[in-house]
Amino acid sequence: MSILIQVADVDYAHGGNQIFEKVSFVLKRGERAALIGENGSGKSTLFRLMAREIVPDGGAVTHRRGLTIGFLHQTSTLDPSRSVRDTVAAAAAGAASLGAELGEIERRLAEPLDDETMADLLERYAAVLGRLDAAGDADPEADLDEVLGGLRFPAHRWQQRVGELSGGERKLVDVARFLLTQPDVLLLDEPDNHFDVEAKAWLEGWLTTRYAGAVCLISHDRYLIDRVANVIFELEDGTIRQYPGNYSAHLALKRARLEREAELRELREREFKKLKASAEQLTQWARQNPKFATRAENQRRKMAEERSRLDATPKPVLDRRTIQVEFDTERGSTDVIVADSVAKSFGDRVVFRPFDLLLRHGERAGLVGPNGAGKTTFVRMVLGQEPPTSGTVRLGPSVTAGYYAQRQETLDPDATPMELVRRTRPLTEQQALSFLVGLQFDRTGALNPIGALSGGEQARLQVGLLILSGANLLVLDEPTNNLDIASVQALERALLTFPGAILAISHDRYFLDTVCTRIIEMDDGVVRDFPAGYAYYVANRDRGTPLTRDLRYQMAAPAPPEKKRQRARR
């Protein structure tokens, strides 16, 4: 496979912090790479280097001649005055834009050029010509409909201006635009944020079957990485390691590598101890007999060289430090959430028809469904923040609910983490700081205004406040969105041993499968119940038990008269 992007010995520092040092890797044609690493490790910065938006302090980033890159940033760069359809149609009109690009290259080729510029333009001309041939049979309108429809952007809003959309909706339009542009390389920074499960599944299918270029994506969705990636780049401690295969394969390969390195380290340390003991023994003998002096000096030199090699080789870390999450709460009522014939409408729009739901102590339920199906509306009813149109929703008499808000709106942006921790539970300043250190805050971060914290820091703080609240019902709205994979795994381990009940909205299918013992689906006004995790739900979509009343209690159609008489004769 030919190399499209080569990163060679790249160094980069920002604000006095060394982010990368001697980072090297290549992205080849046909590769679908996932770039993973902790929050703050520099993944987005590395994408900007790959796209040549910024210049490295040392080393080089090299592109194949004529390479085209589509770089999806975390924040949208769309023109707010254009409509959704016009924005995406501009990317879908491939043949027209490619023809214009071809004409521009031909115009430049007619000018006097040096050999290197001429070679670059000729290679670019060949690449554009190939893309134009591929686009010849395409139907831009059909492609636009397929992509926007697959990403589940409502057709009745395609004429709406981009500036009127939410951040999540802009991300959908941004992704659609880049998919239709069909560049040689797609750099996708968190492309699946705000996507529902079906949109994620569609994106996975497009990237693996429809897109012919190379992909490098940043995502915390382990399920998506497993489905899409055929190579993993892990950014850790300022360096990159490459693993073949998907996320699950990377876990096994990384563990095996670390165990081998730990065994080798232990062997080398034992050899060093032997050298040290030998050097000390020879030194003692040399004091009594000078003929041992040369041997003692040689042994001390070997010992010093081995010590230098050991010091220059980092110790392998089998289990890295991550956030400390451990819930401790008192048992609440057996019946935790009781919804009785609850329904909700906004004007003429029916969100969900009357349904019944009982969540018991110890159950961990995942609430799934497309965006706009009513998941957050139901959660607000559970918390007493939204009245139902009809029916009732109540909590058990000894149930205390703790709420994780998707957009961190429960956090006071002007307060500091230290202040919020001490408001939630009466702790000394030192106790509060120690608790925050367990959530990977340093003293400076603990005293910063919450509005100045990153999304990941705010997410970790919300988890900490849930722990301190003593809640025996956890209501979680997209708890994994801003956490890195290591923090998500720590949260999952804690939730698996949580002694209360959990109701979680999540589009993280790995999380749903790991944590949830029950899936509740809301779709098109209907609520269904599935008695296991996400994998069971996907395999048994037609086997859900209706909780919606008019489906659950509808009477079977009466048997025809002839069949009734036959049964009577028996």
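Visitor: Which residue lies over the face of Phe-272, and how far is it from the ring centre?

Guide: A charge sits over a ring if NZ of Lys or CZ of Arg is within 6 Å of the ring centre and within 35 degrees of the ring normal. Here Arg-307 lies over the face of Phe-272, at 4.8 Å from the ring centre. Likewise, the charged end of Arg-177 sits over the ring of Phe-178, 4.6 Å from its centre. The model is predicted, so local features need pLDDT of at least 70 and side-chain atom pairs count only at pLDDT 80 or more, whereas totals for chains, interfaces and linings use all residues. Residues are numbered from 1 along each chain as its sequence is written, and side-chain values use heavy atoms, with hydrogens and water left out.

Visitor: How many aromatic pairs are there?

Guide: A pair of aromatic rings is described by the distance of the centres and the angle of the planes. Rings of Phe, Tyr and Trp (its six-membered ring) pair if their centres lie within 6.5 Å; planes under 30 degrees apart count as stacked, over 60 as edge-to-face and the rest as tilted. The count by this rule is ten aromatic pairs. One of them joins Tyr-223 and Tyr-534: the ring centres are 5.8 Å apart and the planes are at 90°, so the pair is edge-to-face. Tyr-223 belongs to helix α8 (residues 222–228) and Tyr-534 to helix α18 (residues 534–539), so the pair ties together parts 311 residues apart in sequence. Helices (H or I, at least four residues) and strands (E, at least two) are DSSP runs, numbered from the N terminus.

Visitor: Are Tyr-223 and Tyr-534 buried or partly exposed?

Guide: Buried means under 20% relative accessible area and exposed over 50%, with partly exposed in between (1.4 Å probe, protein chains only). Tyr-223 is partly exposed at 24%, while Tyr-534 is buried at 5%. Another edge-to-face pair, Phe-352 and Phe-355, has 5.3 Å centre to centre and 85° between the planes; both of these residues are buried. Tyr-223, Phe-530, Tyr-534 and Tyr-537 form one aromatic cluster.

Visitor: Which residues does Glu-521 touch?

Guide: Contact means heavy atoms within 4.5 Å. Not counting residues up to four places away in sequence, Glu-521 touches Val-368, Val-526, Val-527, Arg-528, Phe-530, Tyr-537 and Arg-541. Glu-521 is found in strand β17 (residues 518–523) and is buried, with a relative accessible area of 5%. Its side chain makes a polar contact of 3.0 Å with that of Arg-541. A polar contact is a pair of N or O atoms within 3.5 Å; within protein, one must be able to donate a hydrogen and the other to accept it, and residues adjacent in sequence count only if both atoms are side-chain atoms.

Visitor: What is the phi of Glu-190?

Guide: Most residues other than glycine have a negative phi. Glu-190 has a positive phi of about 55°; this residue lies in the loop between β6 (185–189) and α7 (197–210) and is buried, at 7%. Glu-478 has a positive phi near 50°, is found in the loop between β15 (473–477) and α16 (485–496), and is buried at 5%.

Visitor: Which residues touch the most other members of the largest nonpolar core?

Guide: A nonpolar core is a set of buried Ala, Val, Leu, Ile, Met, Phe, Trp, Tyr and Cys residues joined through side-chain atoms within 4.5 Å. In the largest core, of 41 residues, they are Leu-179 and Leu-207. The largest share, seven residues, comes from α6. A second, separate core of 38 residues includes Met-418, Leu-453, Leu-465 and Phe-511.
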